[in-house]
Amino acid sequence: NLITQRRLPATPWDDISIESFLQDLAIMDSNTFPGNVGVGEREGRIACNLVAKRHYGLTHGIGRSGDVQAQQPKAAGSSVILKLTQCLAMDAIRQ
(Lines give C-alpha, C1' and ligand atoms only; values in the text may rest on other atoms or scores of the structure.)
Protein backbone atom coordinates (compact mmCIF):
# COMPACT_ATOMS: atom_id res chain seq x y z
CA ASN A 1 0.00 0.00 0.00
CA LEU A 2 1.36 3.38 -1.05
CA ILE A 3 0.30 5.12 2.15
CA THR A 4 1.43 2.54 4.71
CA GLN A 5 4.76 1.64 3.07
CA ARG A 6 5.54 5.12 1.70
CA ARG A 7 7.38 3.52 -1.18
CA LEU A 8 6.93 3.50 -4.92
CA PRO A 9 4.61 0.64 -5.89
CA ALA A 10 6.17 -2.37 -7.59
CA THR A 11 3.34 -2.32 -10.12
CA PRO A 12 2.32 1.08 -11.48
CA TRP A 13 -1.18 2.29 -10.67
CA ASP A 14 -3.68 2.65 -13.50
CA ASP A 15 -5.16 6.07 -14.27
CA ILE A 16 -8.48 5.37 -12.54
CA SER A 17 -6.73 4.38 -9.29
CA ILE A 18 -4.57 7.53 -9.36
CA GLU A 19 -7.56 9.78 -10.01
CA SER A 20 -9.60 8.10 -7.28
CA PHE A 21 -6.74 8.49 -4.80
CA LEU A 22 -6.34 12.19 -5.64
CA GLN A 23 -10.08 12.78 -5.30
CA ASP A 24 -10.08 11.04 -1.91
CA LEU A 25 -7.28 13.33 -0.74
CA ALA A 26 -8.89 16.44 -2.19
CA ILE A 27 -12.09 15.99 -0.19
CA MET A 28 -9.99 16.23 2.98
CA ASP A 29 -9.16 19.88 2.22
CA SER A 30 -11.57 22.37 3.80
CA ASN A 31 -12.10 24.29 0.56
CA THR A 32 -14.01 21.27 -0.79
CA PHE A 33 -16.42 21.03 2.16
CA PRO A 34 -20.01 21.72 1.02
CA GLY A 35 -21.12 25.23 1.95
CA ASN A 36 -17.65 26.29 3.11
CA VAL A 37 -16.29 29.59 1.84
CA GLY A 38 -12.74 30.18 3.05
CA VAL A 39 -11.19 33.63 3.22
CA GLY A 40 -7.57 32.81 4.09
CA GLU A 41 -4.71 33.74 1.79
CA ARG A 42 -3.98 30.08 0.94
CA GLU A 43 -7.58 28.88 0.71
CA GLY A 44 -8.55 28.14 -2.85
CA ARG A 45 -11.74 29.23 -4.51
CA ILE A 46 -12.83 27.91 -7.89
CA ALA A 47 -15.48 29.59 -10.04
CA CYS A 48 -15.42 27.07 -12.89
CA ASN A 49 -16.26 23.39 -12.41
CA LEU A 50 -13.98 22.48 -15.33
CA VAL A 51 -10.98 23.91 -13.45
CA ALA A 52 -12.02 22.06 -10.28
CA LYS A 53 -12.12 18.77 -12.18
CA ARG A 54 -8.75 19.41 -13.82
CA HIS A 55 -7.09 19.93 -10.42
CA TYR A 56 -9.21 17.42 -8.47
CA GLY A 57 -10.36 20.30 -6.26
CA LEU A 58 -6.86 20.72 -4.82
CA THR A 59 -6.68 24.48 -4.53
CA HIS A 60 -5.71 24.98 -0.90
CA GLY A 61 -2.08 25.90 -0.33
CA ILE A 62 0.31 23.80 1.73
CA GLY A 63 2.38 24.85 4.70
CA ARG A 64 1.83 27.62 7.22
CA SER A 65 3.53 30.81 8.27
CA GLY A 66 6.38 30.60 5.77
CA ASP A 67 7.13 26.90 6.39
CA VAL A 68 6.07 24.97 3.30
CA GLN A 69 6.58 21.65 5.10
CA ALA A 70 4.37 22.46 8.10
CA GLN A 71 1.07 20.60 8.37
CA GLN A 72 -1.91 22.70 7.30
CA PRO A 73 -5.01 21.63 9.26
CA LYS A 74 -7.36 23.13 6.68
CA ALA A 75 -5.54 21.27 3.90
CA ALA A 76 -5.21 17.77 5.31
CA GLY A 77 -5.29 16.10 1.88
CA SER A 78 -2.72 18.48 0.42
CA SER A 79 -0.51 17.93 3.47
CA VAL A 80 -0.70 14.16 2.90
CA ILE A 81 0.30 14.67 -0.73
CA LEU A 82 3.29 16.78 0.36
CA LYS A 83 4.51 14.16 2.85
CA LEU A 84 3.89 11.28 0.45
CA THR A 85 5.75 13.11 -2.34
CA GLN A 86 8.76 13.57 -0.07
CA CYS A 87 8.74 9.87 0.86
CA LEU A 88 8.36 8.70 -2.74
CA ALA A 89 11.15 11.00 -3.92
CA MET A 90 13.47 9.60 -1.24
CA ASP A 91 12.46 6.06 -2.22
CA ALA A 92 13.28 6.82 -5.86
CA ILE A 93 16.67 8.22 -4.88
CA ARG A 94 17.46 5.10 -2.83
CA GLN A 95 16.58 2.85 -5.75
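**Close-up views of a predicted model**

**View 1. Tyr56 sits in the loop between helix 3 (49–54) and helix 4 (76–94).** Helices here are DSSP runs of H or I with at least four residues, numbered from the N terminus. The model is predicted, so local features need pLDDT of at least 70 and side-chain atom pairs count only at pLDDT 80 or more, while totals for chains, interfaces and linings use all residues. Residues are numbered from 1 along each chain as its sequence is written, and side-chain values use heavy atoms, with hydrogens and water left out. Although Tyr56 is not a glycine, its phi is positive, at about 55 degrees. Tyr56 has a relative accessible area of 25% and is therefore partly exposed (buried means under 20%, exposed over 50%, and partly exposed in between, with a 1.4 Å probe and protein chains only).

**View 2. Arg6 belongs to the loop between helix 1 (2–5) and helix 2 (15–26).** Here is another residue other than glycine with a positive phi: for Arg6 the value is near 50 degrees. Arg6 is partly exposed, with 44% relative accessibility.

**View 3. Trp13 and Phe21 form an edge-to-face pair.** This structure holds one aromatic pair. The ring centres of Trp13 and Phe21 are 5.3 Å apart and the planes stand at 90 degrees, which makes the pair edge-to-face (rings of Phe, Tyr and Trp, the last by its six-membered ring, pair if their centres lie within 6.5 Å; planes under 30 degrees apart are stacked, over 60 edge-to-face, and the rest tilted). Trp13 is partly exposed at 32% relative accessibility, whereas Phe21 is buried at 19%.

**View 4. Helix 2 packs against helix 4.** Their axes are 7 Å apart and the angle is about 130 degrees (axes are lines fitted to C-alpha atoms over the stretch in contact, and angles run from 0 to 180 degrees between N-to-C directions). From helix 2, Phe21, Leu22 and Leu25 meet Gly77, Val80, Ile81 and Leu84 of helix 4, where contact means heavy atoms within 4.5 Å. The residues of this contact divide into six nonpolar, one polar and no charged.

**View 5. Five residues make up the largest nonpolar core.** They are Leu2, Phe21, Leu25, Leu84 and Leu88; such a core is a set of buried Ala, Val, Leu, Ile, Met, Phe, Trp, Tyr and Cys residues joined through side-chain atoms within 4.5 Å. Helix 2 and helix 4 are the elements that give two or more residues to this core. Leaving aside residues up to four places away in sequence, Leu88 touches Leu2, Arg6, Arg7 and Leu8.

Definitions and conventions: Ala, Val, Leu, Ile, Met, Phe, Trp, Tyr, Cys and Pro count as nonpolar, Asp, Glu, Lys and Arg as charged, and the others, Gly among them, as polar.
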